[in-house]
Amino acid sequence: MDIKQWTYKYMNKLKTAWKKGIIQRTSRMTYDVVWNVILLFIIVGMVGIIFAGGIGAGYFASLVKDEPVRSYESMKKDIYNYEETSKLYYAGEKYIGDVRSDLHREEISLDEVSDVLIDAVIATEDEFFREHKGIVPKAIIRAIYQEATNSDTKTGGSTLTQQLIKNQILTNEVSFDRKAKEIVLALRLENFFEKDEILEAYLNVIPYGRNASGDNIAGIQTAAQGIFGINADEINLAQAAYLAGLPQSPSKYTPFVNTGGLKNEEDLEPGINRMKSVLKRMYDAEYITEEKYKEALEYDIVADFSEAKESPRDKTPHLVITIQEKAEEILMEKLAEDNGYTMEDLEENEELNEQYEMLAKRELSMNGYNIHSTIDKDIYEAMNKAAREYQYYGPDKKDPETGEIEQIQTGAYLIDNKTGKTISFVGSREFTEDNQINYAFRPRQIGSTSKPIAVYAPAMEKGEVQPGSVLADIPTTFRGHSFGNYGGGQYGLVSARKALASSYNRPAVRVYDRILNSNPAEEYLEKMGISSLSEDDKASYSMALGGMTHGATVAEVVNAYTTLSNQGQFKDAYIVEKITTNDGEVIYEHESEAVDVFSPQTAYLTLDMMRDVIRAGTASYLNSQLKHGGVDWAGKTGTSSDYWDAWFIGTNPNVTFGTWIGYKEPSSIQCRSCSLRYNERNLKLWAALINAAADVNPELIAPKERFKQPGGLVRRSYCAISGMLPSDLCKEAGLIRSDLFNAKFVPSKTDDSLIAGEGGATVMVDGKEVIAGPNTPQEFTVGEGVGLEFNPDFIKRNGYDKLADISMLFPRQNRELWEKIGYSGAKGSDVVKDDGKAPTAPSAVNISGSKLSWKKSGSKDVVGYRIFYKPKDGGGFKLIGHTIDSTYPISKDPGTYHVKAVDYFGLESGASKEAVLKGKSPDDEEKKKKEEKDKPKKEDKEKDKKEEQKKNEESKQNKEDEKNKEDKENNSENDGGEGGKNNGDNKNNEENNSDKKNKQKK
């Protein structure tokens, strides 16, 4: 069957079925079935949707059930509670920089942000920001779908409002729980706040990567400044697009590396591409025209990036860290007090202390405070520059274990006396990653800088000593401990003034012994800010010499010395003047409190003694180093055990300044090869720093006025032996001295240290007058007890009778006056020990004119010398005289002399080497007369001989001249050549000689 027949057959069947109604019935049934099935699916779908919605709503409700209903005030506090970096200032409102913080942020109002930057942010982050009520449902569904399908492309569903909620109230946690709360809070926030308020908060909160210094930054103003170096209202279109693109991935798109400085070209590309993407969105949203869009695409944004800058912490690291730490201490105490705690509570509770330390750090880093310091910018910079450039610190040393090279370090501190303001300090020679120690605040052993404030001032306050008090620098034991001076010397009876000026140790310990039971460390040192004293320190004699368990800082010691310059009142030094908010509200301002420590009289007397330290004591080298003369400086040096530390603290009516030098790990700073001794190196440094400061502000640092002497002081004479009022005998001995005294503590008793000789011949032995012994040759004794003697009662009362030799009391100055004083409290044989040996003979006997001299015997018990003579014409030696000196007058008679030494016990030495005086005999006189008589005949013969010799020489010369004339005529050409050469050589020789003379003159 062909296709035509087949088609006809089936068409007829279809017509028949239609006429009979079969097709209609079948279609109706199919329709009914399909419709019913569709309806069923619709009903089931709706039920499913309602069910799913119910489940979703229930699930959503379960996610936010724990979220409290927040009030307007609560939400306002939260969204505006963004971290803002606190700022640091020098004195006089000079900006230093920001505090150290993990995040730098500066608050700004919306009207300070350029419109183009606002448009860029909205176009990029939330194109429907002005229309929505906090969320965009379509965006949320799209984000949920992308999350559910794990799509590679995730456009995000958060509005600016939601991002603000996430940053300020919630966390960055990725979860449905956090997202649900974010939606609820966003809707509530939009209900409370205007769009511009939300946008302003957002722009101040959002992170923007890093600035040119490598710091983390947040907030649009900080970003504009940190990335382009301009304010947010100065941003152009390309810059706005770049900033608006950063929040999506700050670390990826930021143009700077975390150590500061620009990324390489390849790493800059993602940020630039992101900028172009933002420009496209702005164009699509019709914020900019096509012309501006194309122009911005071609803009060289890289040229606008800020160059790497040295951060304040890099430029002045010790300053930034110190001011920040002091501010944190202030805020810590304030926060604790607000909650009912004292600092003592915190010190006793370590956990509580750590809690408030953390709170104070957070307070400072988040609240945008302005920290106003007392530091003078110009003086600080000048002093630290001088410290860096100083060339005489001493040698570097190598650690034998680690091999590291260690420098001698320094710490210095400068305080205004009257206010307690810290004007400047030096933390170290340089700040490095390996050594960040601030040595101005690091405890070290303080050496003899303790003597004025721990010993002499407290003792004068109690009336135990005065500047003219006499102290014995002799070996003494204090409670089982013995002390010595550096170098091992001893200096006898000296005044307290001299003992301090020369920094003798034994007198200081002797004075400290008198006051130790009253606990001077606690009574005085702690009042002056020395805070690290242990109980052992308070009971130890070592405190008198600066030996402490923990030591003290340069800042503390300088702080304590200001007490002396403030007439005995202590005003604690400080660095932070005040702390204010951005609105100018003062939340802290320093208030000085004066603490009475010493009377004005004690303070002045101590200063006056310290003047002598510089005038003629251990710091006398300083005078040659000071640039500004005429300043009334008083000071004290200090050296710790084994020469580990060297100190000098100096004060004048305006300021007090101290320096320290030493190695980080204690080691001797002595240097045999250095041009300066260790203490001179520190004094020279002190002078270099104070000179630099005085150049900046001479009126403050180098005042012309002097310390004012208070009332209640008088000048009195005293006996240098006892410190008591002068006696006639002390005057006779030439040992009257005078000094300033507190009128309340002027000596009231007259000196009794001397008595007149009371019988018994005396003799001088080794510079001491002692009573002659039974075998002492009488020719060397003096009278019957003539002269002055020490009073045995005085000697015994002061314990001097235990000395092996009373001459140990004799000071080095004016010693000859003391040597004339005898001591009959003991027999000569008790003072002069018999060794049973004859003395050694004198040496170097010599005759000069009519004087015979010799070098004294080396024996210590010699009382005099006997002189012997032997005539030239024969005979033996005979005794012709005696003396206690080392010279003896002689006649002109020719002969031979020798000398013998005689000791206290009558033993005589062997004869010295002989000295001969040549004389003239009668035979010599006759010979001389004959020579005089024959002299004319001899002279005539010599004259004739000389004349004959002269005639022979003239004849010989004539013959040579004739011969030369003949040679010259025959050889004139050659002679001329030689002559020219010789003349040249002579000229050169003259020039060389001239050069030598000139060099010798130079």
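Reply: What follows covers confidence, disulfides, one serine, aromatic rings and charges over rings.

Me: What kind of model is it, and what gets counted?
Reply: This is a predicted model, where local features need pLDDT of at least 70, side-chain atom pairs count only at pLDDT 80 or more, and totals for chains, interfaces and linings use all residues. Residues are numbered from 1 along each chain as its sequence is written, and side-chain values use heavy atoms, with hydrogens and water left out.

Me: What pLDDT does the chain average?
Reply: The chain averages a pLDDT of 83, and 79% of the residues score at least 70. pLDDT is the predictor's confidence in each residue, from 0 to 100. Residues 51–66 have a pLDDT below 50, and this stretch has eleven contacts beyond near neighbours in sequence. Residues 958–1002 are also below 50, with two such contacts. A contact means heavy atoms within 4.5 Å.

Me: How many disulfides?
Reply: The count is two disulfides, a disulfide being a pair of cysteine sulfur atoms within 2.5 Å. Cysteine 671 pairs with cysteine 674, with the sulfur atoms 2.1 Å apart. In the other, cysteine 719 and cysteine 730 have sulfur atoms 2.2 Å apart.

Me: Where do cysteine 719 and cysteine 730 lie?
Reply: Cysteine 719 is in strand S22 (residues 713–719) and cysteine 730 in helix H28 (residues 728–732), so the pair ties together parts eleven residues apart in sequence. Helices (H or I, at least four residues) and strands (E, at least two) are DSSP runs, numbered from the N terminus. The link of cysteine 719 and cysteine 730 is right-handed, with 95 degrees about the S-S bond.

Me: And the link of cysteine 671 and cysteine 674, right-handed or left-handed?
Reply: Its torsion about the S-S bond is about 85 degrees, so that disulfide is right-handed.

Me: Which of these cysteines are buried?
Reply: Cysteine 719 and cysteine 730 are both buried, and cysteine 671 is buried at 16% relative accessibility. Cysteine 674, at 24%, counts as partly exposed. Buried means under 20% relative accessible area, exposed over 50%, and partly exposed in between (1.4 Å probe, protein chains only).

Me: Changing topic, where does serine 912 lie?
Reply: Serine 912 is in the loop between strand S34 (895–903) and strand S35 (915–917). Serine 912 is buried, with a relative accessible area of 6%.

Me: What does serine 912 touch?
Reply: Leaving out residues up to four places away in sequence, serine 912 touches Ala841, Pro842, Val845, His898 and Val899. A polar atom of its side chain lies 2.9 Å from the backbone nitrogen of valine 899. The C-alpha atoms of serine 912 and serine 843 are 6.1 Å apart, though 69 residues separate them along the chain.

Me: How many aromatic pairs are there?
Reply: A search of the whole structure finds 30. Rings of Phe, Tyr and Trp (its six-membered ring) pair if their centres lie within 6.5 Å; planes under 30 degrees apart count as stacked, over 60 as edge-to-face and the rest as tilted. The rings of tyrosine 413 and phenylalanine 425 have centres 6.3 Å apart and planes at 25 degrees, so the pair is stacked.

Me: Is phenylalanine 425 buried or exposed?
Reply: Phenylalanine 425 is buried, with a relative accessible area of 0%. Phenylalanine 425 also forms an edge-to-face pair with phenylalanine 441, at 5.9 Å centre to centre and 75 degrees between the planes.

Me: Which lysine lies over the face of phenylalanine 129?
Reply: Lysine 195, at 4.6 Å from the ring centre. A charge sits over a ring if NZ of Lys or CZ of Arg is within 6 Å of the ring centre and within 35 degrees of the ring normal.

Methods:
A polar contact is a pair of N or O atoms within 3.5 Å; within protein, one must be able to donate a hydrogen and the other to accept it, and residues adjacent in sequence count only if both atoms are side-chain atoms.
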